[in-house]
Amino acid sequence: MSPVSVFIIGIIFLLIFFLIRMPIAFSMGLAALLGLSYLTSFHTALMFIPRDLFELFSSYSISAIPMFILMGYYGFSAGLGNRLYDAAYSIFGHIRGGLAVSTIFACAGFGAICGSCTATSATMGKLAIPAMKKYKYNDMIAAGCVAASGTLGILIPPSVVLLVYGIITSESIGKLFIAGIVPGIILAICMSLAVYIYCLKNPHVGPPGEKMAFKERMKAIGKVIDVLLLFILVIGGLIFGFFTPTQAGGVGAVGAIIIGLARRELTWKAFVENTKEALRTSCMILTIMGFATVFGHFITLSNITFMLSDWITTLKIPSFFIMMIIMVIFLIGGCFVDSLPFMILTVPIFYPLVKNLGYDPIWFGVIVTILTGVGTITPPVGINVYVIKGITNDLPLEVIFKGTFLFFAAMMVGTILLIMFPSWTLFLPNLVR
Amino acid sequence: SFSDTIQLKWANYFPIGTAHTKIMEVFIKDIEAKTNGKVKFNYYPAGTLLTAPKMYDGVEKGMADLGFANIGYTFGRFKETEVLDMPIGYNTEWVATHVSNDFYKKFKPKEWDKVHVLAFSICGLNVLQTTKPVNKLEDLKGMNIRGTGYVGEVVSALGGTPRAISTPEAYDAVLKKVIDGLYISMETLQAFRYAEVVKYVTEIWPIGQGYTFYLIMNKDAWNKLPADVKKVFDEYPFEEKLAKMWNEIDIAGKKFGIEKGVKFIQLSPEESKKWIKAADPVIEKYVKTMVSTGKSEKEVRGWISYLKERRDYWTKKQKELGIKSSTGPDFLRAEFK
Amino acid sequence: MERFERFVKNISKTLEWVGVVGYLIMVLVNVIDVVGSKFFHFPLPGAFEVTSFAQVIAIALTIPIGLYLGFHISIDFILERFPDVPKKLINIFVSIVFVIFFGLILYQTLEYAYSLQISDEIGSVSKIPLFPFAYVIAIGIVPVILFYIIKTITSIKGR
Ligand code: NA
Ligand code: NA
C-alpha cells in the first residue's frame, strides 16, 4: 500500500472509532496501534504506547498545563472570575459583545505570557464562561470565544510553538518572537470585529447593559485589586524571568488559594472539590495528548509527509498556489494532530521546500504557528475545545465546536491577509539585526 | 532486484538543519552508494521517530534500526561508559572522540552487548556560557547553570547549582533568568542560538568534558545484513567523520558567538589548577559509585589512567596533523580574527 | 457482580486520591523551589524532575475514575441517534475491544517498566529511579481493564 492509502485508512478508522463513542484519547491509541502494526510489527507497534505515555506524562514542559488548570479552578472558586468580569462589565458592558471582546484581549494578554494555548483556555475559561453566562451571553459564543482566543497566546511572545519552530529550523528565536506580535494583534482584531458584527446582527447573543457611572466603575474595579495583583505576580514573574510557566501556574494556584482564604470565599470542601475537578480536566487533556503522540508516530512512519513534499516539488505551478496547498495540508492535518507534535512532524519536511520557493522562513514560522493554533479548535481533534468541554461539563462538544466556527472564520481572514502581505509580519523583526 | 533491498529506519533526535542531522544524511548517501542500493534508509530526524531519552531502548527493541543520541539522556544505564563523561581534561573534542572509541574497543563494556555499536563520539567540550562573567572559580558560586548527569555534578563541584532543563527550553530559561547560564559545548551558541542570550563564555578545557554520543544499530537488523554490506559498515570512517564534525561546528559556534558580541575568557595556568582540583571529587565519587556496584577500584582507576594516556596520545596526533579546534591549549586553538 | 463493580469503583476513587496527592506535590515542589531559589538562595535542584514524576502519579492514577464520571471526552451525538439494538451491539463490541486493547497495553507497560528497572536509569539530578513511575502507569491501567470487563458483562445482560 502507498503511504497515502495507509494514512487515509488510518484516519478512516479513527473517525469510525470516534463515531461509535470511543473516548477520543483511546480512539487515537487504537487507530495508531492498528496502523503501526501494519507498518512495522504488532509487537513494535505496541511498544510505542507505554513509552509515549510515560514520556508525555513525565514531561516537565507539559506540566504547565495542569498547573494553570489548577490556577483557573482555584481562581474560579475564590470568585476571581466573577469580580474580574464585574469590573470588565462596568467598563465595556454597554457595548454589544463587549465582554466577548474583553475576553479575547484578556486571553491574548494572558496567553501571550504563559505561552500555551491550552493552559490559557483552561485558566480563562474557568473564569470567563460562568461570568459571561451571568450577563446573559450565549453559551455557544462564550465557550467558542475562549477556546479560540486561547490560540492567540502562542503567537505573542513567548511561545512554545515558535520556540520549537526556531529550534527545529535553527532560525533566530528572538526574531520569531518579535515576528509573532503584529499577527497576534491582527488576529485579535479580526476576532473582535467578527464577534462585534455577529452581536449587532444577533443582539440576544451578547446583550449590551446600561452604561455605568464613573463611581460605579471605580467601585467594581476596586474589588479586583487583589485579582490584578495575582495576575501581575504571575505575568510579571514570567516576563521578568522569575519563574518557568510551570512555576508560574503553581504560584498562581497558591495565590488564588490565599485570596480565596483571605476573602473567606474558599472553603475546605471547595478546595478539595476544585483540586479534584482540575486534576480530572488535566488527566483528560494529558491522556489525549499522550495517545495523540502515539498517533503522531503512526503518521511519521506512514511517510505521508515525505510523499506530500515529493509530490509538491514536482508541481509546476506558481509558488503562491504551492503555498496555498501547504496551508490546506496544515489545516487538514491540524484537524487530527495536536499543535506541537504536528509542528515537529511537518516542519522538517516543509521548511526546506518553502525556503526553496523563496519565502521568508520567519514569516513561514508565524503562519505555521497560526495554523497549528487553528488546529486546536477544528474538529474532530481540537484540544482547546476539549478543555472547554472539560471545565464547563454541561455544554455538548458539538455546541462548543459550533461556537468556535465564527472565530475560525475570522482567523482564516486574518491568515490570508498575513499571507498576502508578508511585510506586516516581517517589518518588526527586520528592524533588529 | 527491488525485493532484495533492505529497508532500515534511521532515527536522530537532532533538529533538521543542524550538522548532526546533515552528517547522518552523508552517512546514508555514502552507504547507499557503496552497497549499490542493497540498503535503503528512511531517515527520521528531529525526534520524529525516537526522542533522545528513548533512543537506546527504541533501537534495542527494533522501533528504529539505527539511532544516534548521548548517554546523558539515560543517566545510570551505561555506568561504565559514563567514565567518558568525567572531567578528564580532553583538550579538544577531536581528541575526546578518538579517546572514546579507543575506550570502547579496549574494554568492550557489557552494557552495549544488546546492540551493534557503529561508533562513539564526544561532542564539543563544555564551556561555561553565562550572563555574568566567570573569571575565577569564586564567580560561579550560587549561579544556576544548566547541566545534567555528570556535567551537572561538575557544575556542583565547581560551586554552581545544576539545573536540568532541556536544550530547547534553555534559551527561554536564560532569557527569563530562570538560569544564569549553561555548561555546554561551543556549537550550541549557534545551534540553539544561546549566543543571543548569554554574554560570556569561559573556556575550561583543562577540565574538558563533553557528552558521550553513541551511534548504534539494532542487533537483529545487523545480524540479518549480508556480509558485503556489513563490510561497508565496518570500513566506513564514522569515527573520523564524527570527530571532524564536532570540531568544525564548535569553531562555527565560536565564530557566531564572536559576531554576536559574546566575550570569551581563558583561565590562567594557576587558575586552571584550582578548577582541576575543584572538579576532582566528581571523578572520586564516580570511582566510589563503581566500586559499590562491584567493580574493583584498581580496574576503575585503570580506565581513567587509560583515558588520560590516550588523551595525551591524540593531543600529540592532532598537533602533528595540524588540525585546529575552537578551544584547547594555544597550539591547538584556532585563531579568530 | 454488583459488589465487584462497587469494588472496582472504590479502587478507582482511592487511586484518584493518590493522584490528588501527586498533583499537590507538583504545586508544593514548584512553590518551594521558587521561594527557596529566589528569596533564600536555596533551590531544590531536583524540583523539575520531582514535578515530572509527580505528574505521572497524578495523571495515570486519575484515568480510571474518568470512566465512571465520563470525563474522557467522546463524541456522543451520533451514536445517540442509533436504534437500541445496534447501539447495544456496538457498546458490547467497544467494551470487548478495550478489554483486549488495555490488556495489551498493561502487558507492554509491565514489560517496559521491568526493562527500566533492570537498566538502572535514574533522574540525572534528583537520582530518583524512573521505573517505579512506569509501574504507576500499569497500576492506573488495571481498573480500566476491570471497568471494561464489567461493562461488557452488563451490556450483554442488557442493563
Ligand atoms: Na505567548
Ligand atoms: Na483540530
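Predicted model: local features only at pLDDT ≥ 70, side-chain atom pairs only at ≥ 80, totals over all residues.
Reader: Okay, and which strand does β4(B) pair with?

Author: β4(B) pairs with β10 of chain B, residues 212-218. The two run in the antiparallel sense, with 7 bridges. Looking across at one spot, B:S121 sits opposite B:F213 of β10(B).

Reader: Switching to rings. How many aromatic pairs are there over all chains?

Author: A search of the whole structure turns up 60 aromatic pairs. One of them is A:Y359 with A:W363, which is stacked, at 5.3 Å centre to centre and 20° between the planes.

Reader: Are A:Y359 and A:W363 buried or exposed?

Author: A:Y359 is buried, with a relative accessible area of 18%. A:W363 is buried too, at 1%. The cut-off for buried is under 20%.

Reader: And how do the rings of B:Y56 and B:Y214 sit, stacked or edge-to-face?

Author: Edge-to-face, because their planes are at 85°, with the centres 6.5 Å apart. This pair links distant parts of the chain: B:Y56 is in helix α2 (residues 55-61) and B:Y214 is in strand β10, 158 residues apart. Both B:Y56 and B:Y214 are buried.

Reader: Which residues do ring pairs link into a cluster?

Author: A:F26 and A:F291 from chain A, together with C:Y68, C:F98, C:F101, C:F102, C:F147 and C:Y148 from chain C.

Reader: What about lysines over rings? Which ring face does A:K126 lie over?

Author: A:K126 lies over the face of A:F76, 4.4 Å from the ring centre. In chain B, B:K319 lies over the face of B:F331, at 5.1 Å from the ring centre.

Reader: New topic: salt bridges. How many are there over all chains?

Author: The whole-structure search finds 35 salt bridges. In one of them, B:K241 meets B:D30, with the closest N and O atoms 3.8 Å apart. B:K241 is in helix α9 (residues 238-259) and B:D30 in helix α1 (residues 19-34) of chain B, so this pair ties together parts that are 211 residues apart in sequence.

Reader: How accessible are B:K241 and B:D30?

Author: B:K241 is partly exposed, with a relative accessible area of 30%. B:D30 is partly exposed as well, at 23%.

Reader: What does the B:D57 and B:K61 salt bridge look like?

Author: Their side chains meet at 3.1 Å, N to O. Both residues lie in helix α2 of chain B, 4 residues apart, about one turn of the helix. B:D57 is buried at 4% relative accessibility, whereas B:K61 is partly exposed at 26%.

Reader: Where do B:E153 and C:K127 lie?

Author: B:E153 is in helix α4 (residues 149-158) of chain B, while C:K127 is in the loop between α4 (84-119) and α5 (131-157) of chain C, so the pair joins two chains. The side chains meet in a salt bridge at 3.1 Å, N to O. B:E153 is buried, with a relative accessible area of 12%, and C:K127 is partly exposed, at 34%.

Reader: What's the phi of C:K127?

Author: Phi of C:K127 is positive, about 65°, although the residue is not a glycine. A:N303, also not a glycine, has a positive phi near 60°. A:N303 lies in the loop between α14 (268-301) and α15 (304-314) of chain A, and A:N303 is buried at 17% relative accessibility.

Reader: Which residues does a cis peptide bond join?

Author: A:P379 and A:P380, with omega about 0°. A:P380 is in the loop between α18 (361-375) and α19 (383-392) of chain A.

Reader: Last one: which helix gives the largest share of the nonpolar patch?

Author: Helix α10 of chain A, residues 173-201, with 6 residues. The patch lies on the surface and has about 780 Å² of accessible area together, and its members include A:F92, A:I95 and A:L200. A:I95 is in the loop between α5 (80-92) and α6 (98-114) of chain A, and A:I95 is partly exposed at 33%.

How values were computed:
Residues numbered from 1 in each chain as written. Chains lettered and ligands numbered in written order. Heavy atoms only, no water. Pairing = 2+ DSSP bridges. Phe/Tyr/Trp six-rings, centres within 6.5 Å; stacked < 30°, edge-to-face > 60°. Buried < 20%, exposed > 50% of the residue type's maximum accessible area, 1.4 Å probe, protein only. Lys NZ or Arg CZ within 6 Å of the ring centre and 35° of its normal. Patch = residues over 30% accessible without salt bridge, like charges linked within 9 Å, V, L, I, M, F, W, Y side chains within 5 Å. Areas by Shrake-Rupley, 256 points an atom, 1.4 Å probe, with all protein chains shown as cover. Salt bridge = Lys/Arg side-chain N within 4 Å of Asp/Glu carboxyl O.
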